[in-house]
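Trainee: I have a structure open and want to learn how to read it. Can we go through it feature by feature?

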Amino acid sequence: MQEFTKFPTKTGRRSLSRSISQSSTDSYSSAASYTDSSDDEVSPREKQQTNSKGSSNFCVKNIKQAEFGRREIEIAEQDMSALISLRKRAQGEKPLAGAKIVGCTHITAQTAVLIETLCALGAQCRWSACNIYSTQNEVAAALAEAGVAVFAWKGESEDDFWWCIDRCVNVDGWQANMILDDGGDLTHWVYKKYPNIFKKIRGIVEESVTGVHRLYQLSKAGKLCVPAMNVNDSVTKQKFDNLYCCRESILDGLKRTTDVMFGGKQVVVCGYGEVGKGCCAALKALGAIVYVTEIDPICALQACMDGFRVVKLSEVIRQVDVVITCTGRDGGRPGEHLDRMKNSCIVCNMGHSNTEIDVTSLRTPELTWERVRSQVDHVIWPDGKRVVLLAEGRLLNLSCSTVPTFVLSITATTQVPSQALLLLCDESPSLSCSPDEYVASLHLPSFDAHLTELTDDQAKYLGLNKNGPFKPNYYRSVPLLGAQSLFFRWELHP
């Protein structure tokens, strides 16, 4: 209790209760921060802040929160042992020396471990947030204190969002040669605003469905002139992060924001990709009645075989209690169905793009918005009906709760060698690999798992090397788009 109350605010010691009228710029992170500066109305852009080394090459909510952020990062490191192991193995060789990485991801304790790993391996990094609500302010402060040029805070405006990205890219005397993106906004900004910088980029690493979709659009148009690695489709990202992370975090986000009980509730999940599969599995386990909407007959058949009824949204929209979009791109939004939803229906998005729910159609004079708690709005119709909208249609789990550290370690450990491979790639050689099996092997010791070894006869019969790889390229390869059509392959044993 003494630790909790010893930090005063402008209005005195912080109350344990929280105002229901708190604004969306509430500085509480999704991971229950120790500090709160929600009463501070001064934009971080207008503050003059320096870290203990005298550097002001950052823009965060409050640099004084760095100590708390460092504790968050240390907690995350405990469950990211594989990434830490990779850092210790390679930091002596500095494989990323010469890499100038500009990144745009969620800025959380887990991402901070990735950023500091990249720096330990020799990279110079500048970072912004890919979501206006997902930044943990104290973690951003800890990164700034450690010397990382980070520009992000929780509750940015749209103008702030693009300003932060621009501050990472437009720097005198420093030019990025690598991009690590989540959602494609950074790539889009560099491509549109700084074409000369874009042409000199050595490689792009993209980790989201939405960002990959945008890269493929550029590639089809013949405008992707640099190599880009589709990390999202690597086995260790898609079949682990997208599935297992969402299986746990969907419930966390909904519980924290609405305190809803799922037993007997009717829920419709839009999209049955890896994210949808994880959401449906979690909801079903708690006794919810789950419907699925799909455009892909293969995914629809999978949903049927898993015991879910595949429907059109129009067939169930009047009766469901919760609507969850997770298509990963524009087009999964129930905009035309919002008027038909029942009273108190909860609407949220688990995909990256904030256009999956047609929030624009809700911002009309006829409808009243009422903020009931951080990231929870009641949208009220003239007849009194209200819809509960979470995180203004943005990514629910990282905006309103936390995500499992261990599974993010798998994704982060995939990204590090991806950066190294792209940095080493020049105009001529063709590299071949995905680090999937190597990354998976690094995480097995956490479970005290012991792999079975093939005998010589078994390996000969299967046509495999005894030490792997064990999956064909089409199963585990990470495609490299753009200037070259390559596939990466990483040896299981470093």
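Trainee: How do I describe the packing of helix α3 and helix α4?

Mentor: Two packed helices are described by the angle between their axes and the distance between the axes. In this predicted model, helix α3 (residues 81-90) and helix α4 (residues 109-120) pack at about 10 degrees, with their axes 9 Å apart. Angles under 35 degrees count as roughly parallel, so α3 and α4 are roughly parallel to each other.

Trainee: Which residues of α3 and α4 meet?

Mentor: From α3, look at Leu83, Ile84 and Arg87. From α4, look at Val113, Leu114, Glu116, Thr117 and Ala120. By class, this contact of α3 with α4 has 5 nonpolar, 1 polar and 2 charged residues.

Trainee: How do α3 and α16 cross?

Mentor: Their axes come within 8 Å and cross at roughly 110 degrees. That makes α3 roughly perpendicular to α16. Ala82, Leu86 and Arg89 of α3 make the contact with Tyr438, Leu442 and His443 of α16. The residues of this contact of α3 with α16 divide into 4 nonpolar, 1 polar and 1 charged.

Trainee: How many residues of helix α16 are buried?

Mentor: In helix α16 (residues 436-443), 6 of the 8 residues are buried, so α16 is largely enclosed by the rest of the structure. The buried residues are Asp436, Glu437, Tyr438, Val439, Leu442 and His443. Tyr438, Leu442 and His443 are also the α16 residues in the contact with α3.

Trainee: And what is the angle between α10 and α11?

Mentor: Helix α10 (residues 235-258) and helix α11 (residues 274-285) pack at an angle of about 35 degrees. Their axes are 7 Å apart. The crossing of α10 past α11 is right-handed. On α10 the contact residues include Leu243, Cys246, Ile250 and Leu251. On α11 they include Val275, Cys279, Ala281 and Leu283. By class, the contact of α10 with α11 has 9 nonpolar, 3 polar and 4 charged residues.

Trainee: What about helix α7; which of its residues are buried?

Mentor: In helix α7 (residues 185-193), Asp185, Leu186, Thr187, Trp189 and Val190 are buried. Now ask what they pack against. The helices are α6 (158-169), α8 (195-199) and α9 (209-220). The strands are β3 (100-105), β6 (178-181) and β7 (203-206).

Trainee: Let me step back. What share of the chain is buried?

Mentor: Of the 494 residues of the chain, 56% count as buried. The chain has 18 helices and 18 strands.

Trainee: Next, cysteines. How many disulfides are there?

Mentor: A disulfide is a covalent bond between the sulfur atoms of two cysteines. Here the count comes to 0 disulfides. The cut-off is 2.5 Å between the sulfur atoms. Take Cys119: the closest cysteine sulfur is in Cys125, at 3.8 Å, too far for a bond.

Trainee: What should I look for in backbone angles?

Mentor: Most residues other than glycine have a negative phi, and most peptide bonds are trans. Asp259 is not a glycine, yet has a positive phi of about 55 degrees. Gln375 has a positive phi of about 70 degrees and is not a glycine either.

Trainee: Where do Asp259 and Gln375 lie?

Mentor: Asp259 lies in the loop between α10 and β9 (266-270). Gln375 is in the loop between β14 (368-373) and β15 (376-380). Asp259 counts as exposed, at 53% relative accessibility. Gln375 is buried, with a relative accessible area of 3%.

Key
Residues are numbered from 1 along each chain as its sequence is written. This is a predicted model: local features need pLDDT of at least 70, side-chain atom pairs count only at pLDDT 80 or more; totals for chains, interfaces and linings use all residues. Side-chain values use heavy atoms; hydrogens and water are left out. Axes are lines fitted to C-alpha atoms, for helices over the stretch in contact, and angles run from 0 to 180 degrees between N-to-C directions. Helices (H or I, at least four residues) and strands (E, at least two) are DSSP runs, numbered from the N terminus. A crossing is left-handed if the near helix is turned anticlockwise from the far one by less than a right angle, and right-handed if clockwise. Contact means heavy atoms within 4.5 Å. Ala, Val, Leu, Ile, Met, Phe, Trp, Tyr, Cys and Pro count as nonpolar, Asp, Glu, Lys and Arg as charged, and the others, Gly among them, as polar. Angles under 35 degrees count as roughly parallel, over 145 as roughly antiparallel, 65 to 115 as roughly perpendicular and the rest as oblique. Buried means under 20% relative accessible area, exposed over 50%, partly exposed in between (1.4 Å probe, protein chains only).
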